[in-house]
Amino acid sequence: MSYTAKNDKVILIDGGLGTTLQEYGLAILDDPLWSGRTLVNAQEQLVKAHRAFVQAKCDIISTATYQVTVDSLMKHHQLSHEQAEEIMFNSVKIAQRVIDEEKAQCYVAGSIGPYGAMLCDGSEFNGWYTDSMTIEQFKDWHRPRLAILARAEPTFIAFETIPSKKEAEALAELLREFPNVKAWLSFNCQVNIKRSTKKQNDDEP
């Protein structure tokens, strides 16, 4: 489905897919694939979550692929390379099918997390790995997943919680290889706030 921007409209994006699935009784927050495990063995719960967001009038829903790669699917679910690719491809089709069933004006974003999400150690929040990788290494790592999701034709690709400028630059360069793909990048940032330690006088508000 093509997307036309409307400058006067607030765009509502789904959120909390992982915590929503946990509320449905799935123990996913400690799973190496996080919400992506539902693509393998709990698709009915994933469909339920997608449908809830669509019925809540979200404009965009995201695929359950933030923490999923072909290699991680093969490792944790003993799948072949072809099976892992098919599962990632179908993540877009599952979301689109829910939208079609609901007859909703809603769009699909193929979710891609940072390299650090794959490490399962919280490094997507601090980007500690950035200095040890080059822009070309980032591009090589992200390229296969982007290619699979792009082939499934979501409306957008959502590069989410990118923790470093270098990885963002790599993704921007990589997108030049996919001229028909629309995408956005969201960042995970840390801000140091200096707090005043001055003691207030008793008569100060």
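Visitor: Is Ser-35 buried or exposed?
Guide: The model is predicted. Ser-35 has a relative accessible area of 5%. Residues under 20% count as buried, so Ser-35 is buried.

Visitor: Where does Ser-35 lie, and which residues does Ser-35 touch?
Guide: Ser-35 is part of the loop between α1 (17-23) and α2 (38-41). Leaving aside residues up to four places away in sequence, its contacts are Leu-17, Gly-18, Leu-21, Ile-28 and Ala-64.

Visitor: At what angle do the axes of α4 and α5 cross?
Guide: Two packed helices are described by the distance and the angle between their axes. For α4 (residues 70-77) and α5 (residues 81-102), the axes come within 9 Å. The crossing is right-handed, and its angle is roughly 115 degrees.

Visitor: Which residues of α4 and α5 make the contact?
Guide: By class, the contact has 6 nonpolar, 1 polar and 1 charged residues. From α5 come His-81, Ala-84, Glu-85, Ile-87 and Met-88. From α4 come Val-70, Leu-73 and Met-74.

Visitor: Which elements do the buried residues of α5 pack against?
Guide: The buried residues of α5 include Ala-84, Phe-89, Val-92 and Ile-99. The buried residues of α5 pack against α2, α3 (43-55), β1 (60-62), α4, β2 (107-112) and α7 (135-151).

Definitions and conventions: Residues are numbered from 1 along each chain as its sequence is written. This is a predicted model: local features need pLDDT of at least 70, side-chain atom pairs count only at pLDDT 80 or more; totals for chains, interfaces and linings use all residues. Side-chain values use heavy atoms; hydrogens and water are left out. Helices (H or I, at least four residues) and strands (E, at least two) are DSSP runs, numbered from the N terminus. Buried means under 20% relative accessible area, exposed over 50%, partly exposed in between (1.4 Å probe, protein chains only). Contact means heavy atoms within 4.5 Å. Axes are lines fitted to C-alpha atoms, for helices over the stretch in contact, and angles run from 0 to 180 degrees between N-to-C directions. A crossing is left-handed if the near helix is turned anticlockwise from the far one by less than a right angle, and right-handed if clockwise. Ala, Val, Leu, Ile, Met, Phe, Trp, Tyr, Cys and Pro count as nonpolar, Asp, Glu, Lys and Arg as charged, and the others, Gly among them, as polar.
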